[in-house]
Amino acid sequence: MKVRIGIDVGGTFTDAVAINNDTYEIIGTVKLPTTHTAKEGVAKGIIEVLKKLMNDNNIKPEDVLFIAHGTTQATNALLEGDVVPVGIVTIGKGLEGIKSKSDTNIGDIELAPGKILKTFNKYIEINDDFDRSVENSILELKHENVGAIVAAEAFSVDDPENERKIMEISENQGLPATATHEITKLYGLKIRTRTAAINGCILPKMIDTANMTEESVKKSGIKALLMIMRCDGGVMDVAEVRKRPILTMLSGPAAGVAGALMYEKISDGIFLEVGGTSTDISVIRNGKVMVNYAEIGGHKTYLNSLDVRTVGIAGGSMVRLGEKGIEDVGPRSAHIAGLPYSVYADPDEIIEPEIVYIQPKEGDPDNYVAIKSKNGKMFAVTVSCAANILGYVNQNDYAYGNSKSAQKAFEPIAHKLGITVEEVANEILKKACKKDLEVVEKLIEDYKLDKSTTVLVGGGGGSAAIVPYLAEMMNMKYRIAKNAQVISTIGVALAMVREVVERTVQNPTENDIISIRSEAKEAVIKAGALENTVEVFIEVDSQRNILRAIATGATELRSKDMMKKELNEKEIIKIAADSMNINEKDTKIKLKIGEMYVVMGFKKQKSLFGLITKTIESIRVVDSEGVIKLSKNSGKIFKTTISKFDENLNKVLDENIFYGDGGAEIPDCFIILSNRLVDLSGMVDKNQIISLAKIELNGHREDEEIAIIICER
């Protein structure tokens, strides 16, 4: 049996999970306190949890096929100001150099309230004595006690030679270094330098941790390459962490989404990872996690990160009680207040409970409510307590407790307000979930999701306390992820290698697209992905002139035969019909291309006061395992072969290009192959679609059947 191991380093606990590589079933889990204060830092906890996981489940080192860990260390270092000062060495010439000097003089950066990253600058005019000038500048910066160097030059994304030279000289002088071209290939020296400086300030700490962890994994006898979770839902190898530790920021929420994607097979959904103190909310659309540029301390960066919105509401959120009702819920939790939840107490422990008001932290409101028992014990009144009372939490949910205990704790509050215990619980959930609702509604709007076909997916130990009630409020479908309490750790174990390459390109040509695609593919293979598992998605952002290639791949071919369940046509139709909110009789399979089904659904819709009825033809592309790969409310489907593809693609594009006041509007195009969907949406030019399509089809048989789907934007 081959095993995949995932380790998630949280603020309080370090979790580990072992997963059967063939069936994806959990073999075992372990939870130990995170070792923040140890001499070896969090690396000590990673090794301890790994050893215990392997010993408890009789896992041999040679059985470990894949091992990865996610960590909050980079995020915590920035939030806590545990960073080194950074020296920025800028090079340039003439007027361009003067502008570069100004752009890279970014000053001190506030990473979090009261936590400052100090930066120092040296500017070097390019001349014959370049090496000596760099050496002298770095020596001067060492006297300022900088802990890392950033190399910066205006157009280094096109020619990084000078930045690499600065890095080499710095490392020869014993200072770790990074460069703006390593962070991104985008122009914009100011943001590039700022992102590189934030990367540089955590370099020493992250390099030490990476080295210790890697060495310990090797000593354990595990031959598999150690991978680290990235903030965009993928993994990278340790060598990449030594260069770009900034990519590990927010890897906790990213791991949860990775778990939802791989383990739960989400197509379109809002993922809510609910802990004890906060909820991380993110979007999955067409089976892809949505990413955006991260802001750190209010500063824009070129860090591609999961677009996660954090809300201070979760299973342990406490209640603020006013004279006339429930005043507010959160953001303080029972964990912060150091109190046990009443719902997890023995009913016999809650004796003649009385209301007490507490102030969890200095400066907090003083009307957070708790319950004091006659025996002197105090218990928190939380969202989980309310959800258990109202029956939203099932017996198999991690958040399940003793509703009798919670009811006893709620009685004095109900008596004070003159309402029932159930009404108190309902008010708590309503106020708590309204905060999540506002964020979910905004995400639906931002990403143009169809509310009727989008599912709320709950992960994290507190998910059952929030997600069912929220779904009821929003009239949306929901489900709690299997093994929700360890979904982040599962996500680490199942994550794919991922790399993003971006370039500033106006009107990208076929050569531009081919070049960036190759660069992304090479990068992800270099990071440990097997070549025949790599897929590359191209995006063209015409408004910002950004060409982006996103490559993903698996580190090992997963033997999915044992866990793969081929669904029959009736099951495929049911999945598509449920997604479209229509009857199965109004749904039919239009095409079957290998393992991919193209399904159409027909729904009558009345307009103009019911006088006109029109039929909406929706499209779903579903794979043989039941994962919806494409969801569109309208579109045209064309069947063809590889040999006739060029001719037919040209024809269907010409027939569906719309010419308006702004010129030609290109439709979104998707190609269905026997085992995957090729997403060519977002292209701004017909030739870009054709060029990229040719690349994707290279190597396929001439007689192979494929499908083209054209949709309006």
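Is Cys669 buried or exposed, and what is its relative accessible area? Cys669 is buried, at a relative accessible area of 0%, where buried stands for under 20% relative accessible area, exposed for over 50% and partly exposed for anything in between, with a 1.4 Å probe and protein chains only. The views below come from a predicted model, in which local features need pLDDT of at least 70 and side-chain atom pairs count only at pLDDT 80 or more, whereas totals for chains, interfaces and linings use all residues. Residues are numbered from 1 along each chain as its sequence is written, and side-chain values use heavy atoms, with hydrogens and water left out.

View A. The structure holds zero disulfides, a disulfide being a pair of cysteine sulfur atoms within 2.5 Å.

**View B. The salt bridge between Glu499 and Arg244.** Across the structure there are 41 salt bridges, each defined as a side-chain nitrogen of Lys or Arg within 4 Å of a carboxyl oxygen of Asp or Glu. In this one, the closest N and O atoms of Glu499 and Arg244 are 2.9 Å apart. The pair links distant parts of the chain, 255 residues apart, since Glu499 lies in strand S26 (residues 497-504) and Arg244 in the loop between helix H9 (238-243) and helix H10 (251-263). Helices (H or I, at least four residues) and strands (E, at least two) are DSSP runs, numbered from the N terminus. Both partners, Glu499 and Arg244, are buried.

**View C. The salt bridge between Asp328 and Arg320.** Here the closest N and O atoms are 3.9 Å apart, and both Asp328 and Arg320 are buried.

**View D. The salt bridge between Lys377 and Glu349.** The side chains of Lys377 and Glu349 meet at 2.4 Å, N to O. This pair also links distant parts of the chain, with Lys377 in the loop between strand S22 (368-372) and strand S23 (378-380), and Glu349, 28 residues apart from it, in the loop between helix H11 (334-337) and strand S21 (354-358). Lys377 is partly exposed, with a relative accessible area of 41%, and Glu349 is partly exposed, with a value of 25%.
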